[in-house]
Amino acid sequence: MRTARSLATLGTDVIIGNHPHCIQPIERLRALDPLTNCEKDSLVVYALGNLIGDAGCPGNWNLANLIKLRFSKGKQQGRQSTFITDLNVMPLYATARREGERYADHRLLSMQKLVKDLRAGRNLYGLDENEVFRLEYRMLRVLGPAIMASNTSALPKDTVDE
């Protein structure tokens, strides 16, 4: 977190960290851009999670997250600048099935669709429903604010040249 704050003060637009193989929060840091001397947002995605589901992995390793960003150019206080104008957060459930030492099936499923199907009584992949619901709770705790902020603009459209 200290490193992210330091990078934000250097004018970094986006920081995407990874390695812990589990999802971590997404946040916007406000800092003074040294090039324009204007305040700007830096988006920090601390970890995207694990895109390889492996049966038998402990903890939260079946959760993953993809993000889609839109950058736009515009002016802020009369100076040309780049802004993140859209953020789309896509939580995923990674699952894999092995036959012996080989993977027989690997899927990345929309977590939101998976949970909706399970609540409707459709378990299309034979998953442990209690585990999926536990991971849904975890996902909402970690990514909830980012999911709720998805598809929101960082800047009013009239100041941005798409």
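Start by colouring the chain by pLDDT, the predictor's confidence in each residue, from 0 to 100. Select helix H2, residues 111–119: confidence in the chain is highest here, at a mean of 95. Then select strand E7, residues 160–161, where confidence is lowest, at a mean of 36. Helices (H or I, at least four residues) and strands (E, at least two) are DSSP runs, numbered from the N terminus. This is a predicted model, in which local features need pLDDT of at least 70 and side-chain atom pairs count only at pLDDT 80 or more, while totals for chains, interfaces and linings use all residues. Residues are numbered from 1 along each chain as its sequence is written, and side-chain values use heavy atoms, with hydrogens and water left out.

Next, select residues 151–162. Their pLDDT stays under 50, and the model gives them 27 contacts beyond four places in sequence; a contact means heavy atoms within 4.5 Å. Where pLDDT is low, the predicted coordinates should not be read in detail. Over the chain, the mean pLDDT is 84, and 88% of residues reach 70 or more.

Now switch to a cartoon view. The chain has 3 helices and 7 strands, and from the N terminus their order is α-β-β-β-β-β-β-α-α-β.

Move on to the cysteines. Is Cys38 buried or exposed? Cys38 is buried, because its relative accessible area is 3%, and buried means under 20%, exposed over 50%, partly exposed in between (1.4 Å probe, protein chains only). Cys22, at 22%, counts as partly exposed. A disulfide is a pair of cysteine sulfur atoms within 2.5 Å; the count is 0.

Finally, select the whole chain: of its 162 residues, 39% are buried.
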